[in-house]
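Please look through the sequence and the model below before reading on.

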Amino acid sequence: MNKKMIIRNAEIKDSFSISKICKNDLGYECTSEIISYRLNNLDKNREVVFVAEIDKTVIGFIHAEIYKVLYCESMINILGLAVSSNFRKQGAGKLLLTAIEEWAKSLDIKIIRLNSGSSRTDAHSFYTSNGYTNKKEQIRFIKNLQYH
């Protein structure tokens, strides 16, 4: 790869690019307005979003939070990681994971967790190749609340 890739904190101006990656590469219907709202309202005491950029074009992002549960030490929870299909296998995903790992170290947090859909086998291979191990299989339950 000839062009320099940088990793930086996400900014509101990245909303359109992130929403496009969410839609095209993750299959989530979301708008740049939603992404803009979320970025503008990040809890900076516990959340971070980094983007990978080449030539001022956002090609990927990672969103993570500090995750605290009663039954073990604090962890970093990766909430989302995606790289545009046009730029995969160029190191962006690895650099984004490294940015989160460095953030974890700066907070003296030693565990990073993430969930990955069972159908995303390429992602599973990517995580494994970067030192992540599958600790358990899960079924996710969701209930949509109805308000009257």
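## Terms and basis

Two residues are said to be in contact when they have heavy atoms within 4.5 Å of each other. Helices (H or I, at least four residues) and strands (E, at least two) are DSSP runs, numbered from the N terminus.

This is a predicted model, in which local features need pLDDT of at least 70 and side-chain atom pairs count only at pLDDT 80 or more, while totals for chains, interfaces and linings use all residues. Residues are numbered from 1 along each chain as its sequence is written, and side-chain values use heavy atoms, with hydrogens and water left out.

## How two helices meet

Two packed helices are described by the angle between their axes and the distance between the axes. Here the axes, which are lines fitted to C-alpha atoms over the stretch in contact, with angles from 0 to 180 degrees between N-to-C directions, come within 8 Å for helix H1 (residues 15-26) and helix H2 (residues 32-40), and they cross at roughly 120 degrees. H1 is therefore oblique to H2, a word for the angles left over when those under 35 degrees count as roughly parallel, over 145 as roughly antiparallel and 65 to 115 as roughly perpendicular.

From H1, the residues Ser15, Phe16, Ile18, Ser19 and Cys22 take part in the contact, and they meet Ser32, Ile35, Ser36 and Leu39 of H2. Sorted by class, this contact of H1 with H2 has five nonpolar, four polar and no charged residues, where Ala, Val, Leu, Ile, Met, Phe, Trp, Tyr, Cys and Pro count as nonpolar, Asp, Glu, Lys and Arg as charged, and the others, Gly among them, as polar.

## Cysteines without a bond

How many disulfides does the structure hold? There are zero disulfides, the term being kept for a pair of cysteine sulfur atoms within 2.5 Å. The sulfur of Cys22 has its closest cysteine sulfur in Cys30, at 4.2 Å, which is too far for a bond.

Cys22 is buried at 8% relative accessibility, and Cys30 is buried with a relative accessible area of 19%; buried means under 20% relative accessible area, exposed over 50%, and partly exposed in between (1.4 Å probe, protein chains only).

## A loop between strands

Asp55 is placed in the loop between strand S2 (47-54) and strand S3 (57-69), and Lys56 also lies in the loop between S2 and S3. Although Asp55 is not a glycine, it has a positive phi of about 50 degrees, and Lys56, not a glycine either, has a positive phi of about 65 degrees. Asp55 is exposed, with a relative accessible area of 51%, and Lys56 counts as exposed at 76% relative accessibility.
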